[in-house]
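The report that follows is meant to be read slowly, with the sequence and the structure open beside it. Please find each named residue before moving on to the next sentence.

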Amino acid sequence: MKVGIVLSGGGARGICHLGIIKALQEFGVSIQHISGTSVGALVGAFFAQGYPPDEILSIILTSRFYKSVRPAWTLRGLLSLDSLKDVLLKYIPHNRFESLKIPLVIAASDISHGRADYFSSGELIPPLLASCCVPAVFNPVQLNGGLYVDGGIMDNLPARAIRKECDFLIGLHCNFLSSEFDARNFRSVIERSLMMAINGNTTHSKAICDLVIEPEASGKISTFDIGRAKDLFEIGYQFTKQHFKEGDFPR
């Protein structure tokens, strides 16, 4: 039976995907297909390359993964993703979808045509950067004649991209909308509004998954709070171990 996982975007919250994957491995789940958006695409790429969850967490913590950007003051955006590209090349030097150990599909949003595009062949890192390109924070990424931003804008849980290839599809969603937030804090209101908008395009995606894992505690941590990386990893791991059992998954 072919099992696939779909990894949502969600900034720092996406680190909880690593804890979930670790728990799935301990349940004996063998993953044959992966799709992801934004940080979910990054986690998916490292796992598809063969890095175990604990090692991916270590890479994030020791390489200043989320801080590998440099100012690029232009009218389009504030930051360049060039330094992140250097980090990715260090750990995935072949830079090819075809060289990954597990097939991977990456979602990115084409702002020129207002649609989601899906990448699964050729160069790996350009689509990864495109999928992570948060509008008004990073410069849009030019790719194959298109102009791309964060995949979460159009498809934050790209289940349809691999549904036909999987007998059992597991959705990993890290953006539980908690009722706890500071309405007096401007950034908190903006962040929550963005999460509400993005969550709207995941409804159908969740419905076509056979099982969805969505740790509620992830919603209490800011998408920008990379300092909580270890906590987020543990949230994903403990939630999966406590709410599921080995028999819930195909072998």
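In this predicted model, Asp110 stands opposite Tyr148, a residue of strand β8. Strand β5, which covers residues 104-110, is joined to β8 by 2 bridges, and the two strands run antiparallel. Strand β8 also pairs with strand β7 in the antiparallel sense, this time over 3 bridges, and here Gln142 has Leu147 in β8 as its bridge partner. The pairings of β8 can be set side by side as follows.

| Strand paired with β8 | Residues of that strand | Bridges |
|---|---|---|
| β5 | residues 104-110 | 2 bridges |
| β7 | residues 141-143 | 3 bridges |

Strands β7 and β8 form a hairpin with 2 residues between them, and in this turn Asn144 has a positive phi of about 50°.

Which way do the residues of β8 point? In a regular strand, side chains alternate between the two faces of the sheet. In β8, Gly146 and Tyr148 point one way, whereas Leu147 and Val149 point the other way, and all of these residues are buried.

Is Ile170 buried or exposed? Its relative accessible area is 0%, and because buried means under 20%, Ile170 counts as buried. Leaving aside residues up to four places away in sequence, Ile170 touches several others, among them Val3, Gly4, Leu24, Cys209 and Phe249. Of these, Gly4 is 166 residues apart from Ile170 in sequence, yet their C-alpha atoms are 6.2 Å apart in space.

Conventions:
Residues numbered from 1 in each chain as written. Predicted model: local features only at pLDDT ≥ 70, side-chain atom pairs only at ≥ 80, totals over all residues. Heavy atoms only, no water. Buried < 20%, exposed > 50% of the residue type's maximum accessible area, 1.4 Å probe, protein only. Helix = DSSP H or I, 4+ residues; strand = E, 2+ residues; numbered from the N terminus. Pairing = 2+ DSSP bridges. Contact = heavy atoms within 4.5 Å.
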